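Morning. Please have the structure open on your screens.

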Amino acid sequence: MKDHTRTPSPSGTYGFIVRRTINGETHQRSFPARADRDPPDVVEKARQAALEYDAQLLRAMEAARERRRQARKPKGLSPVSGVQPMLTDSEKNGRRYEYRAWGVRKYRNGTTIQRRFSVAEYGDQRAWEEACRFLAQLEGIDPEPLIRQYPGVGIWDRVWAQRKNTRGETK
């Protein structure tokens, strides 16, 4: 919301201007008021109306984002976009070690928010649930639909197969 009650907007109007884009469509409305001409209660009324319209558009944006999220298919092995199985293996003194975790990685405002939930620490299903809860908290959505998509422990075999294919191993 832009406040143009004291100085005119680029188009020359005075008041509050609310502009948001939802699903590629721009929604804009102006609420006229001029601080040097109108009484304070008129300016405040225009400000409150602009805030209410802005809140309404924000709710519509959140609903549209949730619809897009539910419609998009995940690209990787995980049934939930944003939650990935993470597998690291190493060998030391002839012994093979394996680290499994469910990871969440989101890019927001130019920074990466990342967190891992270890299968050794939480157990496979609880690590999945915690990762889904963390993702839901980041996106401001309900975690239950995400948790219900738990892929089971069989996903780790597919992760290993993908890893061997990527490394060029045949076995």
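I'll start at a hairpin. Strand 2 and strand 3 form a hairpin with 2 residues between the strands, and there asparagine 23 takes a positive phi near 55°. Before going on, the conventions: this is a predicted model, where local features need pLDDT of at least 70, side-chain atom pairs count only at pLDDT 80 or more, and totals for chains, interfaces and linings use all residues. Residues are numbered from 1 along each chain as its sequence is written, and side-chain values use heavy atoms, with hydrogens and water left out.

Helices (H or I, at least four residues) and strands (E, at least two) are DSSP runs numbered from the N terminus. Two strands pair if DSSP finds at least two bridges between them.

Strand 2 (residues 15-22) and strand 3 (residues 25-31) run antiparallel and are joined by 7 bridges. Valine 18 is opposite arginine 29 of strand 3. On the other pairing, 3 bridges join strand 1 to strand 2, also antiparallel, and aspartate 3 stands opposite phenylalanine 16 in strand 2.

Together these make an open antiparallel sheet of 3 strands, in the order 1-2-3. Its edge strands are strand 1 (2-4) and strand 3, each pairing on one side only. From one strand to the next the twist averages 20°. Angles here run from 0 to 180 degrees between N-to-C directions, with axes fitted to C-alpha atoms, for helices over the stretch in contact. Helix 1 (residues 40-71) packs on this sheet, touching strand 2 and strand 3, and its direction makes about 5° with that of strand 2. Contact means heavy atoms within 4.5 Å.

Strand 4 is joined to strand 5 (residues 95-108) by 10 antiparallel bridges; leucine 87 has arginine 100 of strand 5 as its bridge partner.

What packs on the sheet?

Phenylalanine 134 is found in helix 3. Because its relative accessible area is 14%, phenylalanine 134 counts as buried; the cut-offs are under 20% for buried, over 50% for exposed and partly exposed in between, with a 1.4 Å probe and protein chains only. Leaving out residues up to four places away in sequence, phenylalanine 134 touches Val104, Ile113, Arg115 and Phe117.

Is lysine 106 buried or exposed? Lysine 106, in strand 5, counts as buried, at 16% relative accessibility. Its side chain makes a polar contact with the side chain of glutamate 139 at 2.9 Å. A polar contact is a pair of N or O atoms within 3.5 Å; within protein, one must be able to donate a hydrogen and the other to accept it, and residues adjacent in sequence count only if both atoms are side-chain atoms.

Last item, helix 5. Strand 4 and helix 5 each supply at least two residues of the lining of the second largest pocket, and strand 4 gives the largest share, 4 residues. That's where I'll stop.
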